[in-house]
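I opened this structure to look up two things.

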Amino acid sequence: MEFEKLDLTELDKNLSEEQQKEWNSIYASYRSASVLTGRIVGMDTTVITLKNKETGEPEQEEINCLVIIGYRVKVLVPEQEIWFDEKTRRPSHVLRSMAGAVIDYVITGIDREGECCTASRRMALAIRRRSFLRLTPEVGRKLPAKILAVGRTHLLCTAGGFDITLSQRDLSYGMIPDLRERYRPGETYTSVIKDYDKEQEQLRISVKEAEPHPFEGADIRHPLRSRRASVITGKYKGGVFCKLEENLDCLCTYSPNQYDEDFHIGDQVIVAISKFSYTKKLIYGKIVAKW
């Protein structure tokens, strides 16, 4: 039944206060295209009936949908309504990694008796983007970045109505071998604008540069020839990254009597600070022992 013909007074008369609040928000979003925000609980595959463009005959098609359940009502966001446009569309497997992410959406259909709705994230992104671009995206301006999905070397986040892929280099000054061990969908981090390409409609941001560089003052905290307890966080081209502080690594070499196969990521070691590069903002050292 069409929404305008529903007897909402009758349908809603036995709702609890929380249920009434939930449905009122849904009705308002449907009528005025206002933005709602909710957490993704998973992905469903739903069968819908569409008209074949060539034959005009109805046919069934399976589509992937993100599922949001705020209190009691199930909201489905079809895959075709998740991304801003075809240029920013991500593969279907990304959807399976988005459980726990918080997204904006606009209600586009209501099955009141079935207690289910359909929604569009694409419409919500357009609204957020228009609002964000009312002010020129100046370099250095801070804005929140919400994490949508996390892989080993990259993660997907949304900021200012833009979906943006970030690498480890955009996130942390320190070495992170696997981003999944540090970041989770649904988390929000402060970021800064690095660049905005108006013609390409591309926004570049950095999470790590929203905070002071941890190298500042490191030569006072960890002077030359000092020894520090550390943890191996990664290996790269014969060098070993050892964590001195959060987001602050020391790039180390082994002592002559040590063997690489004896040291693993996560091992606790003692490092001796040997050099500071003030241009590259790097600290160098030597592993002297395990502990």
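The model is a predicted one. I searched the whole structure for cavities of 30 Å³ or more and found one. I noted a volume of about 40 Å³ for the largest cavity.

Which residues line the largest cavity? I listed Ala145, Ile147, Leu155, Cys157, Leu166, Leu171, Tyr189 and Val207. I then checked which elements they come from: β6 (142-150) and β7 (154-159) each give at least two residues to this lining. I sorted the lining by class and got eight nonpolar residues, with no polar and no charged ones.

The largest pocket holds about 720 Å³. It is lined by 27 residues, and those closest to its centre are Gln168, Tyr173, Gly174, Met175 and Phe241.

Which elements supply at least two residues each to the lining of the largest pocket? I wrote down α4 (168-171), β12, β13 and β15 (282-290). The largest share, four residues, is from β13. By class I have 12 nonpolar, eight polar and seven charged residues in this lining.

I noted about 400 Å³ for the volume of the second largest pocket. Its lining has 22 residues, and Ile164, Thr165, Gln202, Leu203 and Arg204 are the closest to its centre. The elements that contribute two or more residues here are β8 (162-167), α4 and β10 (202-206). Sorted by class, the lining of the second largest pocket gave me six nonpolar, five polar and 11 charged residues.

As a reminder to myself, strands of a sheet pair through backbone hydrogen bonds, either parallel or antiparallel.

In which sense do β12 and β13 pair, and over how many bridges? I found strand β12 (residues 239-245) and strand β13 (residues 248-254) paired in the antiparallel sense, over five bridges. Within this pair I looked up what faces Cys242, and the residue opposite is Cys250 in β13.

Terms used
Residues numbered from 1 in each chain as written. Predicted model: local features only at pLDDT ≥ 70, side-chain atom pairs only at ≥ 80, totals over all residues. Heavy atoms only, no water. Pairing = 2+ DSSP bridges. 1 Å grid on protein atoms, 1.4 Å probe; cavity = no way out; pocket = protein on both sides within 12 Å on 5 of 7 lines; lining within 4 Å. Points joined across faces, edges and corners; volume = space filled by probe spheres on them. Nonpolar A, V, L, I, M, F, W, Y, C, P; charged D, E, K, R; others polar.
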